[in-house]
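Let's learn to read a structure together, one feature at a time. Have a look at the sequence and the model first.

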Amino acid sequence: ADPLKLYGKPITRCENYCATGMDSVRNAAYAVAAGIYDIVLACGVEKILDQGSRGLPNIESIFPHPMQFGESMPALFALCANRAFKEWGWTREDLARVAVKNHHHGVKHPKAHFRREIDINTVLKAPIVASPLGVFDCCAMSDGAAAVILTRPEIAKDLVGSGNYATIKALGLAVETLNPFYRPDWTGLSVPANIKAVEAAYKEAGITDPRKELDFGIVHDCFTINELLSYQDLGLCKPGEAADLIREGVTAIEGEFPINPDGGLKCFGHPIGATGVRMTVELTRQVLGRAEGYQVEGAKAGFAHNLGGPLSVAMVGIVGTPDWEPGGK
């Protein structure tokens, strides 16, 4: 309330791991949809670099079991990568292609923190963080903030005019256990929260074939392996086929279904509280044809995906033009 000088107005702080930002958008949207408020500001902010250590703070508290004590997020996702390599024959080159693509996309975005092209050799020769993940397979820690204003379509039309606002088509949230790796059926090849969140979002929006009915996506590429696994969890391809999508350029800006046309977390870093809000901003600008970086040609609707905690909570938001309906591009 102090920096905004919004004294006397209801303000709620939301916390839900890396999905915090999108969950704040969800709470704001539900407040408007319920008719409680007419106009709501959803804001995400992070100042994580003002601490005296590197990486996420208090990470040990997330993994109280002796077997997981001190395990880092790169180490957790590295386990997933090694399993995918064994099961499907994926390689470090496949992960590198994700980094190369996203850095290429981020070059044009004026708000990206990293705006430099890289090649596969640069990725492969970088220092290892948690094998097989190297420096360029991991997004950076970052400070940042983002905000969106939510209201009803009739109010938006009156305030900014037709063609100047987008509409939320669906918001899916799923929360799973804090310790998915304790489950006997845990493979590291899929995230149950992803699947349940996207099923809820697609059902709400009436989507049955996302590759045909949506135009692009923004996924939580905290690590390159997570982008590939998310392709599968979000229904863009079958299990084991994600590497084919990146090899064939399907998810590049000029491809059939661009993923992270803004550069993703790889180029923006991951200011945890702000990321989900920023993704919503990017969705809005894309469907309005006003992207600050690469514009997805003819984009009318897209999704954003947030994954939080040790693979515990996932959110999927779908944003489109007011007149967009599922059923084909």
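Q: What is a disulfide, in general?

A: Happy to start there! A disulfide is a covalent bond that joins the sulfur atoms of two cysteines. Keep in mind that this is a predicted model.

Q: How many disulfides does a search of the whole structure find?

A: The search finds 0 disulfides.

Q: What about Cys222: is it buried or exposed?

A: Cys222 is buried, at 7% relative accessibility. Its sulfur has the one in Cys139 as its closest cysteine sulfur, but 5.9 Å is too far for a bond.

Q: Now for sheets. How do strands of a sheet pair?

A: Strands pair through backbone hydrogen bonds, and the pairing is either parallel or antiparallel. Here you can find an open sheet of 4 strands in the order 5-8-7-6, and its pairing is mixed.

Q: Which are the edge strands?

A: They are strand 5 (167-175) and strand 6 (216-218), each of which pairs on one side only. From one strand to the next, the twist averages 15 degrees.

Q: In which sense do strand 5 and strand 8 pair?

A: Strand 5 pairs with strand 8 (residues 313-320) in the antiparallel sense, over 8 bridges.

Notes. Residues numbered from 1 in each chain as written. Predicted model: local features only at pLDDT ≥ 70, side-chain atom pairs only at ≥ 80, totals over all residues. Heavy atoms only, no water. Disulfide = S-S within 2.5 Å. Buried < 20%, exposed > 50% of the residue type's maximum accessible area, 1.4 Å probe, protein only. Pairing = 2+ DSSP bridges. Helix = DSSP H or I, 4+ residues; strand = E, 2+ residues; numbered from the N terminus. Axes fitted to C-alpha atoms, helices over the stretch in contact; angles between N-to-C directions.
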